[in-house]
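Please consult the sequence and the structure below while reading.

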Amino acid sequence: MQSQTLKSQTLHQTVSRIKEKRRQMADRPRFGPAGVPPLFKIRGAQLPDVPRLLREEGLDAFEYEAVQWGQKPQIKQQNAESLRIEAKKNDVLLSMHGSYYLNLSGKKEIVEASKRRLIACATAAQWMGAYVVVFHTGFYGRLEKVYALKTCIAALKDTVETMKTLGIQNVKLGPETMGKVSQVGTLDEILSICEEVEQTQIVIDWSHMHARYQGKFRKTEDFRGVIEEVERRLGTEITRNVHCHFSKIEYTDKGERRHHILDESRYGPDFQMLAEVLLEFKIRPVIICETPILDIDALKMRDIFRNTQEKRPSLLR
Ligand SMILES: [Zn+2]
């Protein structure tokens, strides 16, 4: 009798673990802004109001910006928990953009401080139910590129160990493809990090890649090549749940310079092409809009995606 109760308890725990995992992944393509949209702020919205306002607009993802954070969470646990409750109620998937002040391939003391900043972000991400902490890995500086990447991977392995001891299980670390040639974060480097470090989630910033390679995305095949490479190295399931950043971007020979709105046709990349490839591979992406008009362009991307899906059902393999 006792063993049966135990069995049903274990079964119950397994089912709720699976449910929790599903909830954390994008169950469908989701769109949202990087940070609180300017108009929400003008209207005096508080943080817990954001998920409801996004849902009213027709959006279903939100990336909380912890980009200025130091080594301690800069949100009260109670406020983070209110955000979690409201996000769940309004079916908005939360992610977090971690501190900009990281360099995981710098000098020892800088790496140590960077790890503490990441932990601060991960702690608050767990409070608010954000499924991933997106972050910028660091700079090559004077290091050999291979060595910079190794340093970065070692630092991330340590960080994940600390997260485990702190009981942070439901948050992944999301290294992002970077837009400047001085930054660790080519697609190959990000894939290596994701292959080697547990509890990571690839974040593809299409605009960064476009800028880093002087206009990489000109044809649908250019987008397809990236997805195929991710699928080859990380597998189909991970590829289907990819977390993306998108905006139009201006660049110099050093890489990214400035983000632009979707309507500025002189800048790339083209979201239409990306939408076609995402649909072709049956991807359920989380697309975070990083243009200056966050929510408005997020809606535009959602509409382009939906229209592409309706017009070309053949794209759904
Ligand atoms: Zn970023």
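The buried residues of α3 are covered by elements that include β1 (30–33), α2 (38–42), β2 (61–65) and α4 (77–89); contact here means heavy atoms within 4.5 Å. The model is predicted, so local features need pLDDT of at least 70 and side-chain atom pairs count only at pLDDT 80 or more, whereas totals for chains, interfaces and linings use all residues. Residues are numbered from 1 along each chain as its sequence is written, and side-chain values use heavy atoms, with hydrogens and water left out.

**Helix α3**
- Helix α3 spans residues 50–57, and its Val 50, Pro 51, Leu 53 and Leu 54 are buried (under 20% relative accessible area, 1.4 Å probe, protein chains only).
- The buried residues of α3 line one face of the helix, because they fall within an arc of 165° when seen down its axis (directions from the helix axis to the C-beta atoms).
- Helices (H or I, at least four residues) and strands (E, at least two) are DSSP runs, numbered from the N terminus.

- His 97 in strand β3 (residues 93–97) and Glu 176 in the loop between β6 (172–175) and β7 (183–184) are 79 residues apart, a pair that links distant parts of the chain.
- His 97 counts as buried because its relative accessibility is 2%, and Glu 176 counts as buried at 0%.

Key
Buried < 20%, exposed > 50% of the residue type's maximum accessible area, 1.4 Å probe, protein only.
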